[in-house]
Amino acid sequence: MPVCQHCNTEWTWQQTFKKIFTFKRSITCPECGATQYLSRRSRNHMSVLAMIPLVIGLPLVGLSLPASIIVSIQLVTFAVVLTWMPTFYTLTSEEEAMW
């Protein structure tokens, strides 16, 4: 779980999960209110994780499986990725460039 660089408080899974759906560049620490940013490494991991359901789903279409099975597998994969994402969050006090 991520740790605030300002107050060294470890965020809970629930707090981190809520921050996944924030589309702002900065994230506010729920404990001290300090502005935090996702690390470059963390953003790269999020990008890769978001692609996993697509990578798993595309080959399933070619297997001519029933649509209900493909959709079920996709939904389970998406749920697993969503619950796994908060564990990859790391925070920094300064915004890092992607390159």
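## The one salt bridge

A salt bridge here is a side-chain nitrogen of Lys or Arg within 4 Å of a carboxyl oxygen of Asp or Glu. Search the whole structure and you find one. It pairs Glu95 with Arg25, with the closest N and O atoms 2.4 Å apart. The two partners are 70 residues apart and come from distant parts of the chain: Glu95 sits in the segment after strand 3 (91-92), and Arg25 sits in the loop between helix 1 and strand 1 (26-28). Helices (H or I, at least four residues) and strands (E, at least two) are DSSP runs, numbered from the N terminus.

How covered are the two partners? Glu95 is partly exposed, because its relative accessibility is 39%, while Arg25 counts as exposed at 64%. For these labels, buried is under 20% relative accessible area, exposed is over 50%, and partly exposed is in between (1.4 Å probe, protein chains only).

## What you are looking at

Keep in mind that this is a predicted model, where local features need pLDDT of at least 70, side-chain atom pairs count only at pLDDT 80 or more, and totals for chains, interfaces and linings use all residues. Residues are numbered from 1 along each chain as its sequence is written, and side-chain values use heavy atoms, with hydrogens and water left out.

## The largest pocket

The largest pocket has a volume of about 320 Å³. Its lining takes in 14 residues, and Thr22, Lys24, Leu38, Arg43 and Tyr89 lie nearest its centre. Helix 1 (13-20), strand 2 (35-38) and helix 2 are the elements that give two or more residues to that lining. By class, the lining has eight nonpolar, one polar and five charged residues.

Now for the terms. A pocket is an open set of points on a 1 Å grid over the protein atoms alone, where a 1.4 Å probe fits, with protein on both sides within 12 Å along at least five of seven lines; lining residues have an atom within 4 Å of a point. The volume is the space filled by probe spheres set on the points, with grid points joined across faces, edges and corners. As for classes, Ala, Val, Leu, Ile, Met, Phe, Trp, Tyr, Cys and Pro count as nonpolar, Asp, Glu, Lys and Arg as charged, and the others, Gly among them, as polar.

## A nonpolar patch

Which residues form a nonpolar patch on the surface? Ile56, Leu63, Leu65, Ile69 and Ile73 do, with about 380 Å² of accessible area together. Patch residues have over 30% relative accessible area and no salt bridge, and nonpolar side chains (Val, Leu, Ile, Met, Phe, Trp, Tyr) are joined within 5 Å. The areas come from the Shrake-Rupley method with a 1.4 Å probe. Ile56 belongs to helix 2 (residues 40-62) and is partly exposed, at a relative accessible area of 35%.

## Positive phi

Most residues other than glycine have a negative phi. Asn8, though, has a positive phi near 60 degrees; it lies in the segment before helix 1 and is exposed at 61%. Ser64 also has a positive phi, near 50 degrees. You'll find Ser64 in the loop between helix 2 and helix 3 (67-84), exposed at 64%.

## Sequence versus space

Val81, in helix 3, is buried at 6% relative accessibility. Val81 and Met51 are 30 residues apart in sequence and 9.4 Å apart in space, C-alpha to C-alpha. Ala97 and Thr87 are ten residues apart in sequence, with 22 Å between their C-alpha atoms. Ala97 lies in the segment after strand 3 and is partly exposed at 40%.

Notes. Patch = residues over 30% accessible without salt bridge, like charges linked within 9 Å, V, L, I, M, F, W, Y side chains within 5 Å.
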